[in-house]
Structures are given as C-alpha cells and as structure tokens.
Amino acid sequence: MTGKAILILGGYGTFGGRLVRLLEDEPRLTLIVAGRSRAKAEAFCKSRGSVRARLIAEAFDRDGDIAAQLAAHKIDLLVDASGPFQAYGEGQYRVIEACIAQKINYADFADGSDFVAGIGAYDEAARDAGLFVLSGVSSFPVLTAAVVRALSGFMIEVDHIRGGIAPSPFAGVGLNVIRAIAGYSGQSILLKRGGRLVEGFPLTEHMRFTVRPPGNVPLRNTLFSLVDVPDLRALSELWPEAQTIWMGAGPVPEILHRALIGLAWLVRWRLIATLTPLAPLMHFATNHLRWGEHRGGMFVEVEGRDVSGKRLKRSWHMLAEGDDGPLIPSMAVEAIVRKWLEDAPPEPGARAAIRDLELQDYEKLFATRRIHTGARDDQRDEHLGLYAQILGSAWEVLPAEIRAMHGDIVRAKGRASVLRGANPLAKLVARLMRFPQASADTEVSVHFDRSANGEIWARRFGDDGFSSRHFAGTGRAEGLVCERFGPLTFAMALVVEREKLALVLRRWSLLGLPLPMWLCPRSRSYETVEDGKFHFHVEISHPLTGLIVRYRGWLEPRDETAK
C-alpha cells in the first residue's frame with residue numbers, strides 16, 4: 001500500500017494530538033496537523049521530535065473557504081477532531097460536503113447523538129464517490145458496539161445495554177469536550193427505555209458500577225451519570241429489540257461530579273437555561289482540582305436470552321493505567337487507518353461507524369499498552385467457590401494447587417515460619433489480633449468452613465490459633481474479597497500475576513464504618529506454587545510500627561474434600 005495523507009482538523013488539540021501520537025510511528029503516513037493557529041500547529045509538530053511519519057503544520061479554519069483549504073493539499077482522509085459537534089449549528093456538515101465534493105474520505109470524533117444520526121443523509125453521495133464517511137469514530141459508539149457484539153454472541157435477543165466510561169482524573173480534558181458536556185447537561189435528550197425512545201436528562205440519572213477486569217485491581221466503585229452520546233440511538237440500529245440503552249460517564253473526584261450533577265438539575269428545573277457559560281470554569285476545575293489514582297476504565301453490560309429462553313447477563317471491563325487511558329478514544333481512528341494501510345479500508349458510504357471495527361481490532365492495540373480487558377458472566381453460580389466467583393475467567397489461569405486450596409479442600413497442613421515485629425505497639429496489635437508467636441519452623445494447619453455466605457478460615461500455628469471470615473464485597477467493595485477480623489474488615493483485590501495470586505488491600509472499615517486508607521496497615525500477601533506445593537506469604541506492617549507479623553510457608557490437603 002502506498003502512503004496516505006491525513007489532515008487532522010484539531011490536530012494539536014486533545015483528541016487530535018493523541019491521534020498523531022498513535023500514528024506517528026507509521027512511515028507511510030503524512031499527517032497534516034491543522035487548526036486555526038498555524039503557530040500552535042508548528043509548536044505541536046516540533047514537540048513530537050523525531051518520528052517516522054511526516055508531520056506538516058497547517059492553518060485551517062472550518063468557518064472559512066473549506067474547498068479552497070482542502071485543495072491546497074492532496075489529502076486522502078480528513079479527520080475532524082475538533083468540535084464541540086453539538087454546537088456546529090447551521091451548516092454543521094459543511095466539512096463533510098466539501099470532502100465528498102473533492103473525493104476525500106472522512107472520519108470524525110463526534111460525540112453528539114444528533115450529529116452522528118444525521119450523517120446517513122450523505123450515504124448515497126458517499127457511495128457514488130466511492131468514499132467512506134464515518135461519524136462517531138470513538139469509544140462511544142464504536143468500541144461499545146464491538147463489545148456488545150462480542151458479549152451477545154450466545155444471545156438470540158438483547159434486552160438491555162448499559163455502559164460507561166470512567167476517565168482518570170489526570171487524563172486531561174479539552175475545552176471543547178467540556179463545552180459539549182455543559183451544553184447538554186440537564187437538557188432533554190432521547191434514549192431507549194421500555195422499548196421506545198423517551199425523554200432523558202443527562203447528568204440527572206445515575207448508577208454505580210465497579211470496573212473490574214478479571215485478575216486485576218479494579219477501579220474504585222464509581223458513580224456514573226447519563227451522558228448524551230451517539231450510542232443512545234446508534235445502537236438501536238443494531239439491536240432494535242433492546243428495551244434499554246443507557247450510557248454514562250464517571251468522572252472523578254466524585255465531589256466535582258456531584259457538583260456538576262447539582263448544576264444539571266438547575267437546568268432541568270429551568271432555573272437556568274444552560275451551563276455553557278460555565279464551561280471555562282468547569283474546564284479549569286477538571287484540569288486543576290484533581291486527585292486519586294491515575295487509572296481509568298470502561299464497562300459494557302448486556303442482558304438478554306439464549307435460544308432456550310434462559311436469561312443471560314454478561315459484562316465487559318477495561319482498565320487502563322496511567323497515560324494509556326486517554327489514548328483509547330483515538331484508537332478507533334487509529335485502527336481504521338492501520339487496516340486501511342493494509343488494504344482493508346471501510347466500505348464506501350456515510351454512517352455511524354458502529355459496524356466498522358470488532359473487538360479484536362482494539363485488542364491488538366490494547367496489547368501494546370497497559371490496558372487490561374476481560375468479560376464476566378454476572379449470574380451467580382452457587383457451584384463456584386468464593387475466589388472463583390470473584391476472579392471470573394482469571395480463575396482458570398491459576399495453577400491447579402492454588403485453585404484446589406480455594407476449591408473443595410476442607411483441611412490443609414504444612415510448615416511455616418513466623419516473624420513478629422519488635423515495636424511495642426506492633427506487639428500489642430499482634431496480640432489483639434491473636435497472630436502466632438515467632439518461630440523459625442512450626443506446624444501449620446488451616447480448616448476451611450465454606451457456605452453460601454462465605455468462608456471461615458481457622459488457622460493454627462503450633463499452639464497458637466486465630467480465624468477470620470472471608471466473603472464477597474458489596475456496594476463500594478463490589479468485586480473485592482473481604483476478610484473480617486472481629487470488628488475490622490479488610491477488602492482486597494484478587495490479582496493474578498503470571499502464576500501468582502496476590503491480595504491487594506483496597507478498603508478497610510471498623511464496625512462497617514469506612515476508614516481512610518492512609519491509616520490502614522500495609523499488607524503484602526500472595527500465594528504461589530513451588531515444587532508442586534501451595535505456598536503462602538503474608539506480611540502485615542504499619543508506618544507507625546514497622547513490621548507487625550510475617551508468616552510464610554506451605555500447605556498440602558490432608559483429608560477428604562467437601563461434598
């Protein structure tokens with residue numbers, strides 16, 4: 001395939017700049033970074049350093065003579081990454097019309113449901129010109145549509161589709177994105193509910209969800225609020241039988257999210273007309289008042305029925321670490337461009353890009369970054385143990401010895417070493433928790449009492465014994481395994497690291513009251529297999545006391561398994 005020239009309108013902005021970053025390693029591409037300011041375009045291109053693609057800075061004003069500006073370059077594809085698309089108003093499709101007239105393919109990042117829905121009016125003209133004209137080429141609705149197809153493979157009917165995106169607080173949000181959110185917050189939109197299109201009001205209806213790819217540390221339980229995205233109507237084209245289609249966003253910190261919710265209600269109650277004048281203030285707050293973990297995620301949840309009429313509920317989870325998460329909305333265009341370079345272009349026509357990529361197209365790109373995904377069957381299976389239910393598909397990749405210890409084994413015995421902290425306060429804590437005395441080598445046994453409500457682990461180290469109760473977390477601790485020692489409860493993520501199962505502390509509480517994590521004891525706990533035996537390592541410390549206790553050793557099953 002010969003080289004391609006792509007003009008990225010808004011190329012030095014948030015999404016356009018990230019698209020350049022994703023494609024700049026491709027020597028077959030000429031990327032024309034365009035926007036109203038040539039100086040900003042030049043500064044951006046210079047900031048990218050030495051790259052394999054050819055970067056050209058250009059001035060482009062979408063309110064000017066578009067045809068003349070397009071004619072100045074030989075362009076194969078124009079990508080509109082500017083926006084806000086909800087505010088284009090009269091002549092909102094001028095760029096598309098000019099592209100079709102000059103035989104230039106087109107794609108955009110449009111996040112407005114009305115704008116994307118209207119793109120079909122240009123389908124015949126695009127087909128006649130042999131061009132692809134794709135709108136909404138972003139996570140919503142391209143990735144969501146691909147995920148729903150993957151999740152509903154065994155369903156003959158899809159009843160409910162819900163999804164949401166939870167960006168990292170450090171992702172960086174452009175002003176045009178904030179303008180779009182401010183423009184539709186509290187305003188009337190249409191969404192599928194009860195099998196028909198009804199009125200909804202963005203940012204005034206909500207759900208909580210925990211994004212938790214199997215075997216990874218989940219995001220914290222997140223509040224998602226309804227947003228106006230193309231999925232609300234575009235997905236109805238693929239699943240017209242769906243009763244509910246709902247999409248949300250879960251920005252953090254939650255206190256800022258709740259402030260936005262309050263403002264949206266003022267619009268819904270018609271106390272103010274719009275939040276648009278507040279967009280600059282909202283943009284400043286979003287990009288300066290931020291704290292928490294530098295990680296984000298996304299989920300899609302599908303409910304339906306299989307051929308036998310059985311109800312099915314499945315969910316897909318994506319977790320992105322650090323600066324990789326903000327790249328995901330631009331990956332749909334990246335995937336389309338890379339397929340195009342390999343002689344697999346989109347079919348001619350103008351449409352929402354809900355059929356042009358599949359989940360495996362994304363997964364190829366995710367695999368090169370710190371992006372983790374996985375699906376879950378969300379019906380409770382009483383035959384599965386506690387750890388198997390929480391781990392989902394990650395359960396099967398664990399060594400057999402670890403699975404057995406969390407499966408049907410009732411009693412296990414082995415040897416262990418115990419080290420206790422020397423700090424007087426550490427000794428007091430260890431005594432109160434009934435942790436075992438120090439020993440270089442001692443016999444250890446564990447009795448597992450399993451029921452539908454959880455598991456009680458009774459441990460003995462020589463003459464010392466202590467027990468704890470394990471159970472599945474709910475609410476803010478959803479997706480975590482909880483361990484209760486008397487009045488204290490610790491909620492931990494089950495993380496699969498190659499052939500090791502690690503338990504990572506995420507929350508703790510006293511008599512059900514959440515406590516701040518900066519006060520929480522530190523824990524380093526994991527399970528492995530060595531020489532065919534199950535091995536455990538538990539280390540508990542605190543910044544004020546240092547080491548409290550560390551015990552490690554091995555176990556083997558010593559009696560019949562549970563019936």
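**Ring pairs and cysteines in a predicted model**

Ring pairs join F435, F461, F466, F485, F490, W508, F536 and Y551 into a cluster. The model is predicted: local features need pLDDT of at least 70, side-chain atom pairs count only at pLDDT 80 or more, and totals for chains, interfaces and linings use all residues. Residues are numbered from 1 along each chain as its sequence is written, and side-chain values use heavy atoms, with hydrogens and water left out.

Q: What class of aromatic pair do Y362 and F366 form?
A: Rings of Phe, Tyr and Trp (its six-membered ring) pair if their centres lie within 6.5 Å; planes under 30 degrees apart count as stacked, over 60 as edge-to-face and the rest as tilted. Both residues lie in helix α13 (residues 359-366), four residues apart. For Y362 and F366 the centres are 5.7 Å apart and the planes at 40 degrees, and the pair is tilted.

Q: Is Y362 buried or exposed?
A: Buried means under 20% relative accessible area, exposed over 50%, partly exposed in between (1.4 Å probe, protein chains only). Y362 has a relative accessible area of 0%, so Y362 is buried.

Q: How many disulfides does the structure hold?
A: A disulfide is a pair of cysteine sulfur atoms within 2.5 Å. The sulfur of C482 is 12 Å from the closest cysteine sulfur, in C520, which is too far for a bond. The number of disulfides in the structure is zero.

Q: Over which ring does the charged end of K533 sit?
A: A charge sits over a ring if NZ of Lys or CZ of Arg is within 6 Å of the ring centre and within 35 degrees of the ring normal. The charged end of K533 is 3.8 Å from the centre of the ring it sits over, that of W554.

How values were computed: Helices (H or I, at least four residues) and strands (E, at least two) are DSSP runs, numbered from the N terminus.
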